[in-house]
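Here are a few notes from my pass through the model. Have it open while you read.

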Amino acid sequence: MNALELRNVSKSYGDFVLKDISFVLPSGCIMGLIGENGAGKSTTIKLILDCIRRDSGEIFVLGKDNRKDFTAAKEDLGVVLDEAYFPESITVRQVNAVMRYTYRLWNEQTYFSYIGRFSLPKDKSFREFSRGMKMKLAIAVALSHEAKLLILDEATSGLDPIARDEILDVFREYTRDEQHSILLSSHITSDLEKLCDYIAFIHKGNLLFCQEKDRLQESYGVLRCSKGEFEALRKQAVLGYRDSGYGIEALVDRREIPAGMKVDYASIEEIIVFLAKGGN
Ligand SMILES: Nc1ncnc2c1ncn2[C@@H]1O[C@H](COP(=O)(O)OP(=O)(O)OP(=O)(O)O)[C@@H](O)[C@H]1O
């Protein structure tokens, strides 16, 4: 089963249009949603959660149409948005008491094991938490009610590198058994590179690609060469380039490059920056 499927989803906000978005997240996989500020990542996530109305298209969450029979699927979703919302005076212990009545499958033992792992104080009130502590609490809650799909919108951006590394380990453990999947948006491309099976890149409301990360890095690379060498390349070989004045640096399709020319590894960040900018 697919954890998520979007078919030709569109949404317009006056001068911004999210256009014809289609992708599939297979169960057991992690997908990173990436794109510049205002690209449409949060809009896509809100459409998946049915918080806003789409203009057209279809969305299936854990096999269920998110407009028709979504209520049951909501129990199976763990959601963390870019701000954590809890009452200001609540403590970690009190959150446990509330969640016991909120989620049918709330697992108190799992919750307190994450609380310990994330070094969160049990009796301090939420208002006294730092932004990172608030996000960790929201992530602990999302992971403690047997959700099958986690959806996180910029949920790790306020965390320090050590905390992020710990969270990435938690996410890897969570998806180990093929029944749990994650969609997360982030600007921290190095985290997505370490964690994700799939990368979906949204640019100005268009989905430029949604591909397996390993396939992306097998297909594309960075070529550093002289202007003369660059001009001799086939047009379809080049996806984006910059001219430093001393030479050319280009994102290329490896299959289109003549044997003997050295093509370097392209990071996810290089791939999206070159694709977003095109040629200079
Ligand atoms: N409620 C709204 N009314 C009008 N326009 C909106 C609304 N919500 C979002 N938009 C517009 O939709 C576009 C996409 O916004 P969105 O929040 O999806 O971007 P994003 O990719 O999540 O960006 P960021 O990385 O900055 O969080 C922006 O141009 C934004 O102004």
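1. Start with E12 and strand E13 (residues 248-253): five bridges join them, and the two run antiparallel. One spot to look at is Val238, which sits opposite Val252 in E13. Keep in mind that this is a predicted model.

2. Zooming out, which order do the strands of the open sheet take? Reading across, you get E12-E13-E11-E14, four strands with antiparallel pairing. From one strand to the next, the twist averages 30°.

3. Something also packs on that sheet: helix H10 (residues 268-277), which touches strand E11 (220-225), E12 and E13. The direction of H10 makes about 85° with that of E12.

4. Elsewhere, strand E6 (residues 77-80) pairs with strand E7 (residues 149-153). This pairing is in the parallel sense, over four bridges, and Leu77 has Leu149 in E7 as its bridge partner. Check the two faces of E6 as well: Gly78 and Val80 are on the covered one, while Leu77 and Val79 are on the uncovered one.

5. Now the ligand. What surrounds it? The residues are Tyr13, Phe16, Gly35, Asn37, Gly38, Ala39, Gly40, Lys41, Ser42 and Thr43. Helix H1 (residues 41-48) supplies the largest share of this shell, three residues. By type, the shell splits into six polar residues, three nonpolar and one charged.

Note on methods:
Residues are numbered from 1 along each chain as its sequence is written. This is a predicted model: local features need pLDDT of at least 70, side-chain atom pairs count only at pLDDT 80 or more; totals for chains, interfaces and linings use all residues. A residue is buried if 20 or more other C-beta atoms lie within 10 Å of its own, exposed if 12 or fewer, and partly exposed in between; C-beta atoms are placed from the backbone. Two strands pair if DSSP finds at least two bridges between them. Axes are lines fitted to C-alpha atoms, for helices over the stretch in contact, and angles run from 0 to 180 degrees between N-to-C directions. Two residues are in contact if their C-beta atoms, placed from the backbone, lie within 7 Å. A residue is near a molecule or strand if its C-beta atom, placed from the backbone, lies within 6 Å of it. Ala, Val, Leu, Ile, Met, Phe, Trp, Tyr, Cys and Pro count as nonpolar, Asp, Glu, Lys and Arg as charged, and the others, Gly among them, as polar.
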